[in-house]
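Hi,

Here is the structure I said I would pass on.

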Amino acid sequence: MDLDRLFRALADPTRRRMLAELTERDGQTLFELHVRLISWHGASLSRQALSKHLQLLEEASLIRTEWRWRSKHHFLERVPLRQMWDVWMRPLAEPPEKEKTDADQDRRDERAGR
């Protein structure tokens with residue numbers, strides 16, 4: 001897992017909106033994503049720009065594409081997000097149990113004047 005590539009892909013608000021759209025309705029084509037982003041989010045981007053965003057998301061393994069007949073459909077990949085959470089975000093967000101216990105004990109000691 002390349003965290004730098006993943007965070008770079010998530011840094012852009014348009015790409016985050018695209019992921020949110022795929023969360024709501026997975027398997028959209030470029031045309032469908034384009035219409036939804038313009039109609040519902042007021043995004044002003046060309047299909048070529050949207051295609052480049054999709055390419056970056058795919059390179060970061062956040063989406064996968066499948067050809068169905070003549071259309072290319074885009075699907076959200078949640079595994080990299082879970083891995084990012086487990087490897088990097090969870091340790092920052094939740095201190096280990098031992099640290100919680102030590103910190104709680106320190107607070108009790110401070111209150112007791114030790």
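Arg 64 counts as partly exposed, at 33% relative accessibility. Its side chain meets that of Glu 77 in a salt bridge, 2.6 Å from N to O. Glu 77 is partly exposed too, with a relative accessible area of 24%. Arg 64 sits in strand β2 (residues 63–68) and Glu 77 in the loop between β3 (71–76) and α5 (79–93), so this pair ties together parts that are 13 residues apart in sequence. Before you read too much into any of this, keep in mind that it is a predicted model.

Through shared partners, salt bridges join Arg 64, Glu 66, Arg 68 and Glu 77 into one network.

How many salt bridges are there by this rule? The count comes to 8. One of them pairs the side chains of Arg 36 and Glu 21, at 2.4 Å from N to O. Arg 36 belongs to helix α3 and Glu 21 to helix α2, so the pair links parts that are 15 residues apart in sequence. Are these two buried or exposed? Arg 36 counts as buried, at 13% relative accessibility, and Glu 21 is buried with a relative accessible area of 3%.

Now for the nonpolar side of things. The largest nonpolar core has 19 residues, and Leu 19, Leu 50, Leu 57 and Leu 62 touch the most other members. The elements giving two or more residues to this core are α1 (3–10), α2 (13–24), α3 (30–41) and α4 (47–59). The largest share, 4 residues, comes from α1. Leaving out residues up to four places away in sequence, Leu 57 touches Ala 9, Arg 15, Met 18, Leu 19, Leu 62 and Ile 63.

As for the chain as a whole, it has 6 helices and 3 strands, in the order α-α-β-α-α-β-β-α-α along the sequence. Of its 114 residues, 28% count as buried. The accessible surface comes to about 8,000 Å², and 50% of that belongs to carbon and sulfur atoms. Among contacts between residues at least 6 apart in sequence, 48% join residues at least 24 apart.

Cheers

Conventions. Residues numbered from 1 in each chain as written. Predicted model: local features only at pLDDT ≥ 70, side-chain atom pairs only at ≥ 80, totals over all residues. Heavy atoms only, no water. Buried < 20%, exposed > 50% of the residue type's maximum accessible area, 1.4 Å probe, protein only. Contact = heavy atoms within 4.5 Å. Areas by Shrake-Rupley, 256 points an atom, 1.4 Å probe, with all protein chains shown as cover. Core = buried A, V, L, I, M, F, W, Y, C linked by side-chain atoms within 4.5 Å. Salt bridge = Lys/Arg side-chain N within 4 Å of Asp/Glu carboxyl O.
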